[in-house]
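Please examine the sequence and the three-dimensional structure shown below. The briefing that accompanies them is arranged by topic.

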Amino acid sequence: MSSDEDRAPGVPDERKAAWGDRHQLRYSGVATFLRRPLLENPGDWDGIDIGLIGVPFDGAVTNRPGARHGPRHLRDQSTLMGAYNHQTGVTPHKLVEAADLGDVPLEGVYELDRAIAEIEDWYDKVCAAGVAPLTAGGDHSITLPIMRALAKRTGPLGMVHFDAHCDTGPELFGHKHHHGGPFRWAVEEGALDPKRSVQIGIRGPTEPLWAFSYERGMTVIHIEELYAMGLPGVIEKAREVVGDGPTYVSFDVDGLDPVYAPGTGTPEVGGFNTFEAIQMLCGLRGLNIVAGDVVEVSPPFDPSGITGLNGVQMMFEIYCLMAEAVAGGKKGND
Ligand SMILES: [Mn+2]
């Protein structure tokens with residue numbers, strides 16, 4: 001790391017242009033997502049293209065908790081991110097206006113249905129302001145209300161979903177809003193188009209729960225199939241499945257091997273690595289990516305911070321995809 005670039009006085013013009021007034025020392029100041037300005041009041045969202053939003057909720061987990069602490073942890077780890085995407089040559093901050101919109105305010109933390117409804121209400125506000133949301137969870141149950149809010153405007157979404165689990169399970173103990181089922185209900189409600197959905201990295205003993213994915217024609221790429229196809233094959237398949245329509249990218253950190261993401265609620269051994277994840281995400285360039293999330297980072301199980309760091313790298317990659325989609329294919333560095 002060039003120490004010159006991190007000095008506030010005398011910071012190179014190029015860096016100033018990329019970071020605006022956020023070009024101070026990376027480790028100083030209040031941590032915000034990707035060091036974007038904090039705009040918690042919906043009245044301040046005029047002109048914002050992409051909103052980075054925390055959903056500090058893990059009331060729907062089936063095993064180890066802690067993802068409610070994800071947004072703050074990811075904010076902190078995201079201060080390690082740079083402004084430039086080495087892989088694609090994109091400088092997203094130059095393409096779009098982005099801000100940290102704070103965390104979704106929740107009151108129904110002891111009432112699952114109420115919390116899910118509150119999240120949907122908040123994303124209705126985000127969508128009404130013309131802001132494309134990129135979310136840090138939270139457990140995976142939060143994606144359903146986000147998709148509901150988006151789909152009211154876009155119609156049924158396509159999805160590229162990285163995960164060890166399909167999350168299309170049935171009700172558990174009489175409840176639908178556990179974190180193993182959001183995409184079942186999104187499909188049932190018409191917010192998610194199963195024919196335009198691809199689920200990548202699936203593995204582990206919960207396979208019998210995912211019959212719904214096959215019944216509805218979702219494309220499931222198990223981890224052994226991923227390696228058999230190779231990354232170019234997976235990318236080609238994902239692009240073919242989602243096509244040109246509005247598409248959501250959902251990244252559960254447990255899709256990564258636990259070596260890279262031990263800090264999560266339901267780790268599954270034998271996943272893809274961080275390099276492969278970045279290649280697959282970069283392979284989605286040019287698609288109509290309207291929103292995304294990174295979920296299931298559980299800081300209490302992440303004492304080294306590595307899960308948060310890897311999670312926020314994926315958030316940055318999705319941010320770059322969304323920035324290019326918003327800007328119509330420009331790179332921002334020319
Ligand atoms: Mn998962």
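The following points describe selected strands, helices and one residue.

This is a predicted model, in which local features need pLDDT of at least 70 and side-chain atom pairs count only at pLDDT 80 or more, while totals for chains, interfaces and linings use all residues. Residues are numbered from 1 along each chain as its sequence is written. Helices (H or I, at least four residues) and strands (E, at least two) are DSSP runs, numbered from the N terminus.

**Strand 3**

- Six of the six residues of strand 3 are buried, so this strand is largely enclosed by the rest of the structure. A residue is buried if 20 or more other C-beta atoms lie within 10 Å of its own, exposed if 12 or fewer, and partly exposed in between, with C-beta atoms placed from the backbone.
- In a regular strand, side chains alternate between the two faces of the sheet.
- On one side of strand 3 lie Ala132, Leu134 and Ala136, and on the other Pro133, Thr135 and Gly137; all are buried.
- Strand 3 runs parallel to strand 1, and six bridges join them; two strands pair if DSSP finds at least two bridges between them. Ile53 has Thr135 of strand 3 as its bridge partner.
- Strand 3 is also parallel to strand 8, to which three bridges join it. Here the bridge partner of Thr135 is Asp293 in strand 8.

**Strand 7**

- Strand 7 (residues 247-252) is largely enclosed by the rest of the structure, because six of its six residues are buried.
- Thr247, Val249 and Phe251 point one way from strand 7, whereas Tyr248, Ser250 and Asp252 point the other way, and all are buried.
- Five bridges connect strand 7 with strand 4 (residues 157-162), and the two run parallel. Met159 has Tyr248 of strand 7 as its bridge partner.
- Strand 7 and strand 8 (residues 289-295) run parallel as well, joined by six bridges. Val249 has Gly292 of strand 8 as its bridge partner.
- From strand 7 the chain passes through helix 9 (residues 274-282) to strand 8, and this β-α-β crossover is right-handed. The term applies if, with the strands pointing away from the viewer, the path from the first strand over the helix to the second runs clockwise.

**Helix 2**

- Helix 2 (residues 70-78) is mostly covered, with seven of its nine residues buried.
- The buried residues are Gly70, Pro71, His73, Leu74, Arg75, Gln77 and Ser78.
- These buried residues pack against strand 1 (50-55), strand 2 (98-103), strand 3 (132-137) and helix 10 (306-327). Two residues are in contact if their C-beta atoms, placed from the backbone, lie within 7 Å.

**Ile202**

- Which strand holds Ile202? Ile202 is found in strand 5 (residues 192-202).
- Ile202 counts as buried because it has 26 C-beta neighbours inside 10 Å.
- Leaving aside neighbours within four places in sequence, Ile202 is in contact with Asp163, Ala164, His165, Cys166, Val220, Ile221, His222 and Ile223.
- Ile202 and Phe162 are 40 residues apart along the chain, and their C-alpha atoms are separated by 8.1 Å.
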